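Please look through the sequence and the model below before reading on. The paragraphs after them move from the whole chain to single residues.

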Amino acid sequence: MTMDKSLRVRRTMVRNRSVLTRAERIQRLLQADRWKEGDSPIGLPKVRVYKITMKKKKKRAKGEGEEAGTKKTGK
């Protein structure tokens, strides 16, 4: 039996994950100096997951820069 198209996962692991594994949480705590060697890995504090968004660059119009320098005065 085939799976319906709407149920298929097309982009696996492309989007941001809101839950980290225990090892990933320990790495983030080490970077923030909140983890000491020998601490228990059970009951770790919460670690915020930041979402990274990329801003799109604005496109200039093709004739925008050229028009300003080549305007002629009409007499």
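What follows is a walk through the chain, its nonpolar core and a few residues of interest.

This is a predicted model, in which local features need pLDDT of at least 70 and side-chain atom pairs count only at pLDDT 80 or more, while totals for chains, interfaces and linings use all residues. Residues are numbered from 1 along each chain as its sequence is written, and side-chain values use heavy atoms, with hydrogens and water left out.

The protein chain has 2 helices and 0 strands, where helices (H or I, at least four residues) and strands (E, at least two) are DSSP runs numbered from the N terminus. Of its 75 residues, 8% are buried, a term that stands for under 20% relative accessible area, with exposed meaning over 50% and partly exposed in between (1.4 Å probe, protein chains only). The chain exposes about 8600 Å², of which carbon and sulfur atoms supply 51%; these areas come from the Shrake-Rupley method with a 1.4 Å probe.

The largest nonpolar core consists of 6 residues, Leu-20, Ile-26, Leu-29, Trp-35, Leu-44 and Val-47, such a core being a set of buried Ala, Val, Leu, Ile, Met, Phe, Trp, Tyr and Cys residues joined through side-chain atoms within 4.5 Å. Beyond its neighbours within four places in sequence, Trp-35 is in contact (heavy atoms within 4.5 Å) with Ile-26, Leu-29, Leu-30, Ser-40, Pro-41 and Leu-44.

Arg-25 belongs to helix H1 and is partly exposed, at a relative accessible area of 24%. When residues up to four places away in sequence are not counted, Arg-25 touches Leu-20, Leu-44, Pro-45, Lys-46 and Val-47. The C-alpha atoms of Arg-25 and Pro-45 are separated by 8.7 Å, although the two are 20 residues apart along the chain.

The loop between helix H1 (22-31) and helix H2 (64-69) holds Asp-33, which is exposed at 70% relative accessible area. Most residues other than glycine have a negative phi, whereas Asp-33, not a glycine, has a positive phi of about 60 degrees. Ala-32 also has its place in the loop between H1 and H2 and counts as partly exposed, at 46% relative accessibility.
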